Amino acid sequence: MTMGVQEIEDAGLILNFGYNGADSHPIVQRRIIRARQKGAKIICVDPRVIESARIADIHLQLKGGTNLALVNALCNVIYTEGLMDEKFIREKTTDFDEFVEVIKKYTPEDVSPICRISPEDIRKAARLYATTKPAMILYGMGVCQFGQAVDVVKTLADMALMTGNFGKPATGIGPVRGQNNVQGACDMGALPNNYPGYQSITDDAVREKFEKAWGVPLSNKVGLPLTHVPRRVLRPEDPSKQIHAYYIFGEDPAQTDPDINEVREALEKCDLVILQDIFMNRAGQYADVVLPSTSWGEHEGVYSCCDRGFQRFHKMIEPPEGVKVDWQIISEISTAMGYPMHYNNTQEIWDEMRRLCPSFAGATYEKLEATGGVQWPCRSEDMSDKGTVYLHKGKFSNPDGKGRFYATDWRPPQELTDTEYPLILNTGREVGHYSARTMTGNCRLLRSLEDEPGWVQINPEDCLEYGLEHGDLVRLESRRGWCLSRVSCTDRTSPGAVFMTYQWWIGACNMLTNPNLDPVSNTPEYKYCSVRIECIEDQAWAENYVVTEYRRLRESMGIDVSGEEAAVQ
Amino acid sequence: MTKQVESICPYCGAGCHIMFSVDEAANKIVDAVPAKGRTNDGTLCLKGHYGWDFLNDPQILTKRLRHPMIRKGGKESPLEEVGWDEAIHFVAGRLTEIKNTYGPDAIMGTASARGPGNEAAYVMQKFMRACVGTNNIDHCARI
Amino acid sequence: MNAFVKGNPDLCMGCRTCMVACVVSHTGRHIFELDPDDYTFNPKLHMVKTRAISVPVQCKHCENPACMAACPQKCIHMEDGTVFIDTENCIGCKACMEACPVGAIDMAPVSGVYQPDGKERYVANKCDLCREQSGGPACIRVCPTEALKLVSYEEIADTAQERRLAAAKANADGSLGAAAQAK
């Protein structure tokens, strides 16, 4: 995020685009609600009536998969109605003319039938965004999880650029990061193209710096994104580029990656699968080696929250006997492979990292403890460098210091609906559960609030057509797989579009999702694929199936289920 | 004895500060209340308030992993508990073998976007780059 | 007069932290030390979501409770500004549930208690303003957006007084305005 979470409540306007804070980050949503209370205008863009839509001044309930058409049209209105910040464009940006060439084709009238939003509503939203200051854009997975995602991010940045909403308090654009340390994993260079601190592996000077620090020559070849793994195991275009070993650390691709059947087949076929985790999970069932590690609460370190905030987390209890801290396990493997790595504590690791990353250099443990945390960039160890609340103050990070306009044409999602698979499936998060659910599913109260098989939200019109009632179990099918889920009859989703959360084993929507990737970010199109509903005549059978299958799965994860009552036959 | 430890919620990117009460003798967390963090300002959601008892291994959904395990007889064989030395040498040996046979780019590694933290992510990417010799390092960023 | 907990749909985000807090408050302090299957998850407030609204709904603690009048066992009581159910003596007849005009009562199983036929014992379940806990209703304390408030008669009375004042002023302005127009 270019802004700090605390700034959200000071915005004059929030464009809440493809972001459901209420379910993904309730404590960020709290700031949106506070902004509203303090008089901010809210524009919500989402195919569903999410919580932000309820409190919005304008809700653009667009058809799924039409984001870029809409953003281009919003830019079109701002341009044609002369609502730009001309001075900002002139002084702080480049490539505006090329941008205009593209967006001028996207008139509200042309885009209206694509997005299913009236031209007037598109105009109203564009005018409100362009004329209310300071304006902030918050976006989430509703932008990122499409085959065309990075283009939308860049065009949202265009909207902020053309209205001068950068480099000032409570402006900018904010991708609100999902998991607790997804920002941190990126910060630390767990990316195929960057060393820690967003330093490119193809930059010779940078690579030399890391080679010197680590004492070995390093590859300058960009690595493989995680979402390419299944195909590179099963169907490599070039056999010499096949993946033969997969070291999975603290995640469950066999639950959270798209097209689970393909992922599981890849894990079966891969010569060596290593799982390092705290709980057994679906991927672990395919692992050749399992390495048990300490959990949050049993070790310490630093997390990066969604707005670049480094914060210290602490050890609270002793780990169970027999497990090791993650970095120790990795160091021991490395040492056994002939590259000795030895650290006495996390601070030694952190200090080594800081020496190599200029923008993180000032974030010492002492400073993080004393201040509760700092937002990077934080370059000086001096206590007076308290980090950076918002980015791009004065200039942008491009070499010429200017913000660059970018525009391109909209393209539809890969798998469109047809007579065989007539419904759009959109997926997202469950508020009380987290990722693969191994943590929250083992928390009694969160488990009691929501448990298998999860819900599929279906519009009342569709329920009527299929003869479904709230609470019925249904079978959902796509070209890739099937799963069972429970009907939630709600007009918060549109006719023809259904919505599921991804945390469930029996109601696993990733059996259905399409692994079509954005060409730049390699993020899958979790938000759009086509499915069909098969009603289940014998509901008693289905209820029994859920109970017995759930018990079987838990047993396969090492839970003793012997004391549990048998399902009603 | 109950001690108070302030830490960060392990769930979403909001990065909320929580004050935990820890029963040292029982080695258990007994309570969690919101702390005054920059982003959370003394508030928590349901995961922050009630999302910590997985640490006490209540055996609800999946079992806590407590021993290294290896499939000694190949993919079809069961996972068997082994000591750490054996597990580390098995992994190191197999990775070296694959690296020697197919090259370092035949190995894919991930870091976690979740509980392990930045230091573990740093060590993992360093391991993949400096020891294995590939930039095949990524994490579950896209979900 | 009785107070009650009221939710504000403009502040509520439907997260249901309140519902979990309610269960914790009524299970006793040691819910995390129980066997995970040895409690029942019976929140006494329920999240209602429509297209336009998200808000938890719970008992209004009426001054002349229909539930109390309907209970054949006389096990619904009013004391210290709270209407509450004596679940020990509840026979599960559902008369209160039918009588409640806001749907604040449901039937909930009592953990580990079984009827002679082996079925779990069900009793009436509703908000009691956490009368047995200190610190007031748990739902209010945990709500991250302060969407829940304890509303007292005095507050409503104050608001009513303000509205009367506003209405009186509007009347006066209206007649003055009309008089001015007539000139």
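Visitor: How many salt bridges does the rule find across the interface of chain B and chain A?

Guide: A salt bridge is assigned when a side-chain nitrogen of Lys or Arg lies within 4 Å of a carboxyl oxygen of Asp or Glu. In this predicted model, seven salt bridges are found between chain B and chain A. One of the pairs meeting the rule is A:Asp307 with B:Arg38, whose closest N and O atoms are 2.7 Å apart.

Visitor: Which helix gives the most to the side of chain B that touches chain A?

Guide: Helix H3 of chain B, residues 118-132, gives the most, with 14 residues. By class, that side of chain B comprises 54 nonpolar, 25 polar and 21 charged residues.

Visitor: What area is buried between chain B and chain A?

Guide: The buried area is about 11,200 Å², and carbon and sulfur atoms give 62% of it. Of the area that chain B buries against chain A, B:Leu61, B:Arg142 and B:Ile143 supply 8%, more than any other three residues. The contact draws on 100 residues of chain B and 159 residues of chain A.

Visitor: How many salt bridges does the rule find across the interface of chain C and chain B?

Guide: Zero salt bridges are found there, and one residue pair is in polar contact, both residues at pLDDT 80 or more. The side of chain C that touches chain B has eight nonpolar, one polar and no charged residues.

How values were computed:
Residues are numbered from 1 along each chain as its sequence is written. Chains are lettered from A and ligands numbered from 1 in the order in which they are written. This is a predicted model: local features need pLDDT of at least 70, side-chain atom pairs count only at pLDDT 80 or more; totals for chains, interfaces and linings use all residues. Side-chain values use heavy atoms; hydrogens and water are left out. A polar contact is a pair of N or O atoms within 3.5 Å; within protein, one must be able to donate a hydrogen and the other to accept it, and residues adjacent in sequence count only if both atoms are side-chain atoms. Ala, Val, Leu, Ile, Met, Phe, Trp, Tyr, Cys and Pro count as nonpolar, Asp, Glu, Lys and Arg as charged, and the others, Gly among them, as polar. Contact means heavy atoms within 4.5 Å. Buried area is the accessible area (1.4 Å probe) that two parts lose on being put together, summed over both. Helices (H or I, at least four residues) and strands (E, at least two) are DSSP runs, numbered from the N terminus.
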